[in-house]
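Please read them with the structure open beside you.

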Amino acid sequence: MSSLSASDDVAIRIQNVHVTFRVNVQRNPTLKSTLVRMGRRQQNVREIKALQGVSFDVHKGQVMGVVGANGAGKSTLMRTVAGILAPNEGRIDIYGRVSTLLALGVGFNSALSGKENVVLGGLAAGLTRKEIAAKYEEITEFAELGDFMELPMKTYSSGMFSRLAFAVAVHMDPDILIIDEALSAGDAHFKKKAAVKMKQVVDDAGTMLVVSHALGVIKEMCDEAVWLHHGRLIRQGKPDEIIEAYTNFLNVGDDALVLEDF
Amino acid sequence: MNSKTISTEDDYLGEHHVYEPHHVGLPPFGPYFRELRRRRGFAFELARTQMHAANTDTALGQIWLVLNPMLLAAVYYVLTVVLVRSGNNGQKVVPPADLIAKLSPGQIANYGWESFAHLTSSLFLFFLVSTIILTGANSVIQGGALIMNTPFPKMLLPLSSTYLAFRRYLPTLLVYIPIHFLARRPISINTLWAVPMVAEAVVFGFGLAMLFGTLQVYFRDVASFLPYFIRIWLYLSPVIYYVENLPKAMKPFMILNPLFPIAGGYGEALGGHAPSMQMVLGGAAWAIASCLIGGLLFMSREREFAVRL
Ligand SMILES: Nc1ncnc2c1ncn2[C@@H]1O[C@H](COP(=O)(O)OP(=O)(O)O)[C@@H](O)[C@H]1O
Ligand SMILES: [Mg+2]
């Protein structure tokens, strides 16, 4: 755990964060089935401890990578840092404006047009109409969507969808950018452009928190990395070290497979 | 109860956020409502976008909005005025005694039109409330992708559907105005009482929108039960009858129906009479209670929405 105390240098401070999900065993709970179960006096709630006392700091301008197996709690951590989920215990301090690019999409309603989604997403995130209008041109240009911006997003290919998501996330002028396994935006041409843009965000003294299964990306982009497992922080350190420890742990013969999972 | 704080130390887009549990289960009201206010543009824009998507912003779309309650009003008119008259061997239907005292000779001579005016105006108000509740119940579920990816005061979602329902209510007023005059209903200073009564209806509906929006997250079948309750509620409210039609013995129980004072007071106002204080204050009490209960439930649960969707 980083023990630097100069808080004016810290962008994200995560202290002893616990997140527990209470999961209803039923997938789509209905009033009818709940009443039936209550009649039978059944209790169908399970607890899942997705994060159990995670602490670390991310400093201003730093790119922090997060690795871990499926179910390790990476996405939960990203959503808690973004303020979407609430910690059950602990505290998270964020210094700066956060923009997210999460695996689940960017809050798009596919019945609405790309333009409507960008405006609504921006307003919900607290931008003014003026700010959105100022960024809108850049976003469309970067996403290379042209006239498609006026069409419902259900007419988009998945590449177009993620291009727009990426464009929105990086053009919000975030101080902190959170990316969860969403780097595979579009084709090779767009990936290259995306990489350049991300570098630019970092160079503008931006801070980044990146989850990726593509260990190559972590190695290349990050200054530091953490390894989560079963909701606990196993190790924090230089990306090379962490990746080595992680791949050893995974004990897969060919890390090439993991390295190219992009 | 664990929860998230959106505490912004400076309002300027929140340079310092703290996320931690707070055990009362409610976010601090100051920052919450400040953020709600600051992002209200989202609620209006969402409503506008939805009207656009449903073509309600076109002339034909607006006509359609009005046609539905109009047709229903016509059906009830046939049931309550025409059929009752023919059941009376063609005798004119006479208004109840209490009502006669309130009507002008012109209105009594025109009782058919008067009933029709009462029916349409009350139905439009009832549709305002039921649309707020029905769209509000689904607003949280429909905001799914956004809730999963952006932190914002979720109350913006039922707020938006309330605004949407209100916008859809406005064109019905244009339909009502000519009917008002055909029924020889008076226009007086008392007519202005309609404004606070509509406000009570909106606030009351907003509270229930938050209540059912929350319940719908936990029980996905709530919205499918709602239309039945709303239909029964319609028959229990002074929409297809006048307050004066009620047997005396039933009146004390009517305070239990929130729409009794609200729709009743609205009906009085449009008939040119000042509604009784009992109605005005009773309706206000229901509106405030609904908003408090719905709002507190909503705010104490909204941090769980991202997990439940
Ligand atoms: N919305 C949710 N409801 C219940 N359990 C969840 C939810 N989201 C994640 N989990 C659980 O939390 C754990 C961590 O999940 P996640 O953060 O998605 O892991 P990762 O992103 O590292 O694969 C998993 O066991 C998962 O089942
Ligand atoms: Mg994940």
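**Notes on the interface and the salt bridges**

1. The contact (heavy atoms within 4.5 Å) takes 40 residues from chain B and 49 residues from chain A. This is a predicted model, in which local features need pLDDT of at least 70 and side-chain atom pairs count only at pLDDT 80 or more, while totals for chains, interfaces and linings use all residues. Residues are numbered from 1 along each chain as its sequence is written, chains are lettered from A and ligands numbered from 1 in the order in which they are written, and side-chain values use heavy atoms, with hydrogens and water left out.

2. Between them, chain B and chain A bury about 3,600 Å², of which 58% is on carbon and sulfur atoms; buried area here is the accessible area (1.4 Å probe) that two parts lose on being put together, summed over both.

3. Across this interface the rule finds one salt bridge (a side-chain nitrogen of Lys or Arg within 4 Å of a carboxyl oxygen of Asp or Glu). The side chains of A:Arg129 and B:Glu45 meet in a salt bridge at 2.8 Å, N to O, and a network of salt bridges links A:Arg129, B:Glu45 and B:Arg48.

4. On the side of chain B that touches chain A, two or more residues come from each of strand 2 (16-19), helix 2 (40-53), helix 7 (144-149) and helix 14 (305-308) of chain B, where helices (H or I, at least four residues) and strands (E, at least two) are DSSP runs, numbered from the N terminus. The largest share of that side, eight residues, comes from helix 2 of chain B.

5. Strand 4 (residues 89-95) of chain A and strand 2 of chain B run antiparallel and are joined by four bridges, two strands being paired if DSSP finds at least two bridges between them. In strand 2 of chain B, B:Tyr19 is the bridge partner of A:Ile92.

6. The whole structure holds 16 salt bridges over all chains. One of them joins A:Arg22 to A:Glu47, with the closest N and O atoms 3.6 Å apart; because A:Arg22 lies in strand 1 (residues 10-24) and A:Glu47 in strand 2 (residues 45-59) of chain A, the pair ties together parts that are 25 residues apart in sequence. A:Arg22 is partly exposed at 48% relative accessible area (buried means under 20%, exposed over 50%, partly exposed in between; 1.4 Å probe, protein chains only).
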